[in-house]
Amino acid sequence: MALKVNQIRNIVKRLCESSDLSNREIAARENVAPNSVNVIAKQLPNIAYSWSELKELTDTEFLAAFRGNDQDKKSDDNYPNWLDWHTDIQSDKDVTVKLLWEEWHEENPEGISYSHAARLYLKWVKKQRISMRKINLPGENSYLDFAGRKIRIYEKDGHTWRDAEIFVATLGASSYSFCMAVWTQSIPDWIECNVKALEYFGGAPRFLIPDNLKSAVTKNTPQTIIINPTFAEFADHYGTVVLPARVRKPNDKGPVEVSVQLIQRWILAALRDIKFYSLDEANAGIKRLLEIFNNKEMKAYKASRLQRFELLDKPALKMLPQTRYAYGLWRLNVRVGENYHVLYEGHYYSVPHVLRHSFVDVRAGSKTLELMHNGKQVAIHIISTVSGGYTTEKHHMPASHQQYADGGVDKLIEWARKVGESTEKVFGQHLTESRHLPNGIRTAKAIQKLGIQHSSERLEEVCEYALKINSITHSSILSIFRSKVDKRNMDDIGTEKHGHHINIRGGDYYKLGRN
């Protein structure tokens, strides 16, 4: 080798200790040809010494280590297949380098020693790409993220468009990937993507490792991790655990970062000139290229993602439940009002009256609303779209309110109908349009009592006048009964206002032209 010993030593030191430097950068710093660094780098994995051992050798011993390596590498039987070892270690967490060496040594008794093999294997692992350095056990991790690049979905006119997001999920051991287009990164779209990813994989991994988007993680600090409650419920349904990547730690989700980059190149870039007019069209195009992507051979493994998936991840994934996860939007710590009702999207829903002033969790599905207290369901209602309306279960009421509700509404309206049209309208507004039914029943009963005291005819007259002045409260109707204001003639009211007085001149005075 034309290089001096001290140059070789410096190059070996940089190769072993400065993993962030490329071979070309090392060559520039040592003022040697890049190919000289490449030759030494290729020899290093098969040298039987670590750098801490090499630097203690004399110059003669140092050069002999390289020459001996040149002789040894002529026989491939002296060395195991590191890729096979790496695959076995990935496929079974109980397989060790010691076990693999013992099995190999039985067939190759003249081969290298265990300590030598262990050092060479570790060097081989370090020289592989980043995503291989982190051991991902089969069925262990699924990495989740949205791609930076989006896909355009055009309107029918072919000129205006809207960008769609690209979701990517990658299994750690095999790098087998799934991707699809959705409109947003919101919780409903996020959940839909994850459901379809697990169905595409045909099973669930032990851990889901998302990036820190709001649909997945509410809070992620070294002290506290709070998972979005809907995503946490999704994970529980499939028997998996959410383990978000640490903030500003891209290595925690290395496999999906690589997959996102490759999918952007091999799928999204390939679709750049195609106009899609719906998400379904876009996803059909993505699915076609995704199959090709997963069947491409990976140079590092000499196998495709699909082949490694069949070998590693597929047998280790958990079975999916018989039912698909039903999306539910959670709202936590919602306060119960004095009237034992909870407000959700403009409508009021009852809970047991003992929980008034407490806090409950609300889960809204597609058709039903569940109310939870201390982790237990305390009420379930059909979702109503009536703004300002009330949905009340009878057994949620206290005993006193139940007495009002037991058939009271129908009976009161029937009684009012017999009295007259105006009375029926007043009762209807209290009993069917009131936001608080018990109060409406109480008011209607009080007005009924006035009608019984005075007469049905008189009550109808009072209710007619109350509707005219748009004041139908019990106090207003009681005031009309007492003052008889509806009976007073407007001419009489005008006379009472002016009266007769010596200082009031009247119209005749001005006809005479007096001052």
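This is a predicted model: local features need pLDDT of at least 70, side-chain atom pairs count only at pLDDT 80 or more; totals for chains, interfaces and linings use all residues.
1. Strands S11, S14, S15 and S16 form an open antiparallel sheet, in the order S11-S14-S15-S16. Its edges are S11 (329-335) and S16 (376-382), each of which pairs on one side only. On average, neighbouring strands are turned by 25° against each other, direction ignored.

2. The S14-S15 pair. Strand S14 (residues 359-364) runs antiparallel to strand S15 (residues 368-373), and four bridges join them. In this pair, Val362 stands opposite Leu371 of S15.

3. Helix H11 on the sheet. H11 (residues 229-237) lies across S11 and S14, and runs at about 125° to S11. Its buried residues are Thr230, Phe231, Phe234 and Ala235. These residues lie on the same side of H11, because the arc they cover around the axis is only 140°. The elements covering them include S11, strand S1 (141-146), helix H10 (187-201), strand S5 (207-210), strand S7 (225-227) and strand S8 (241-242).

4. The ends of H11. After the helix comes Gly239, with a positive phi near 70°.

5. Trp104. This residue sits in helix H7 (residues 97-107). Trp104 counts as buried because its relative accessibility is 12%, where the cut-off is under 20%. The C-alpha atoms of Trp104 and Tyr79 are 9.2 Å apart in space, with the two residues 25 apart in sequence.

Notes
Residues are numbered from 1 along each chain as its sequence is written. Side-chain values use heavy atoms; hydrogens and water are left out. Helices (H or I, at least four residues) and strands (E, at least two) are DSSP runs, numbered from the N terminus. Buried means under 20% relative accessible area, exposed over 50%, partly exposed in between (1.4 Å probe, protein chains only). Two strands pair if DSSP finds at least two bridges between them. Axes are lines fitted to C-alpha atoms, for helices over the stretch in contact, and angles run from 0 to 180 degrees between N-to-C directions. Contact means heavy atoms within 4.5 Å. The arc is that of the directions from the helix axis to the C-beta atoms.
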